[in-house]
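Please consult the sequence and coordinates while reading.

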Amino acid sequence: MADDTLSAVILGAEDLKRSFDAAPKIVEEEFKKAMDKTAIDAEGKARGHAPHKTGTLWRSIHHEPAQVTQNNVIAKVGTDLVYARAQEYGTQGMMIHSHSRSGQQFSYIGNIPPKYYMKQAKEEVQPLLTQNLSEATGKIIRRLVLGWYGLQNHQKIVKLKHMSNKNYF
C-alpha cells in the first residue's frame, strides 16, 4: 500500500471552536431574556385580571428575574400578600379564622368566589412564551453562526443580503 496521506485544512476551525465554547453562555443569556420578557407580560396580564378594590393586590403583583437551575430557566410572577391565594382560588365553603382590628379572634365560612387572575394570565402568556423561546432559539443560532464566521465575514454577508434582498438569517 502506498504511503500517501490525505489531509485537509479547516478554515475557521479556531473560530468554530470558540463559537461552540461560548454556546452554553449564549443559550443561557437568550433563554433568560425570553423568560424575563414573558414574565413581564404575565405580570401585566395578572394585574389586569386581579381584583383591585383598594389596589394593594394589584400593586403587589411582580415578577422575579429569570434564574437558571440545572436544565431549567425559571421566572416567577406572583405576590407576597397573604390574602392573594383567597382571591385567586376563592374561599367558598372554607372555615376562615381571622381577627378584628382590635385583635379579637373570630371564625366564619368564606364566601369569596375564585378570581383566577394568575391562572388567566398564565394561560394568556403561554403562546407568548412559545414565541419568545422560538425567537431566542433563532438569536442563539445567529450568534453562534456569527461567532463562527467572524465579524469580517458577517459584514460581507450583510452586503450580500442588501444586494440580493434576501434574508439569510
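**Contacts of a predicted model**

Q: Which residue is joined to the side chain of E30 by a polar contact of 2.8 Å?
A: In this predicted model, E30 has its place in helix α2, residues 23–49. Leaving aside residues up to four places away in sequence, E30 touches A136, K139, I140 and R143. The side chain that a polar contact of 2.8 Å joins to that of E30 belongs to R143.

Q: Is E30 buried or exposed?
A: Burial requires a relative accessible area under 20%. The value for E30 is 5%, so this residue is classed as buried.

Q: How many salt bridges does a search of the whole structure find?
A: Side chains of opposite charge can pair when their charged atoms come close. The search of the whole structure finds a total of 7.

Q: How many residues apart are E29 and K25 in helix α2?
A: K25 is exposed, with a relative accessible area of 60%, whereas E29 is partly exposed at 26%. Both lie in helix α2, with a spacing of about one turn of the helix, that is, 4 residues.

Q: Why does the pair of E29 and R143 tie together parts that are 114 residues apart in sequence?
A: The closest N and O atoms of the salt bridge between E29 and R143 are 3.0 Å apart. The pair ties together parts 114 residues apart in sequence because E29 lies in helix α2 and R143 in helix α5.

Q: Which residue forms a salt bridge with K37?
A: The closest N and O atoms of this salt bridge are 3.9 Å apart, and the partner of K37 is E135. The pair links distant parts of the chain, with K37 in helix α2 and its partner, 98 residues apart, in helix α5. K37 is partly exposed, with a relative accessible area of 44%, and the partner is likewise partly exposed at 35%; the residue asked for is E135.

Q: Which residues do salt bridges that share partners join into one network?
A: Through shared partners, the network comprises K25, E29, E30, K33 and R143.

Q: Is the pair of F106 and Y108 stacked or edge-to-face?
A: The structure holds 1 aromatic pair. The rings of F106 and Y108 have centres 6.0 Å apart and planes at 25 degrees. Planes under 30 degrees apart count as stacked and those over 60 as edge-to-face, so the pair is stacked.

Q: What is the relative accessible area of Y108?
A: F106 is partly exposed, with a relative accessible area of 38%. Y108 is partly exposed too, and its relative accessible area is 36%.

Q: What is the distance of the charged end of R47 from the centre of the ring of W58?
A: K119 lies over the face of Y116, at 5.2 Å from the ring centre. The charged end of R47 sits over the ring of W58, and its distance from the centre is 4.8 Å.

Q: Which residue in the turn between β1 and β2 has a positive phi?
A: Strands β1 (residues 62–69) and β2 (residues 72–78) run antiparallel and are joined by 6 bridges. V68 stands opposite V73 in β2. The two strands form a hairpin with 2 residues between them, and the turn residue with a positive phi, about 45 degrees, is Q70.

Note on methods:
Residues numbered from 1 in each chain as written. Predicted model: local features only at pLDDT ≥ 70, side-chain atom pairs only at ≥ 80, totals over all residues. Heavy atoms only, no water. Phe/Tyr/Trp six-rings, centres within 6.5 Å; stacked < 30°, edge-to-face > 60°. Buried < 20%, exposed > 50% of the residue type's maximum accessible area, 1.4 Å probe, protein only. Lys NZ or Arg CZ within 6 Å of the ring centre and 35° of its normal. Polar contact = N/O pair within 3.5 Å; in protein donor to acceptor, adjacent residues only side chain to side chain. Contact = heavy atoms within 4.5 Å. Pairing = 2+ DSSP bridges. Salt bridge = Lys/Arg side-chain N within 4 Å of Asp/Glu carboxyl O.
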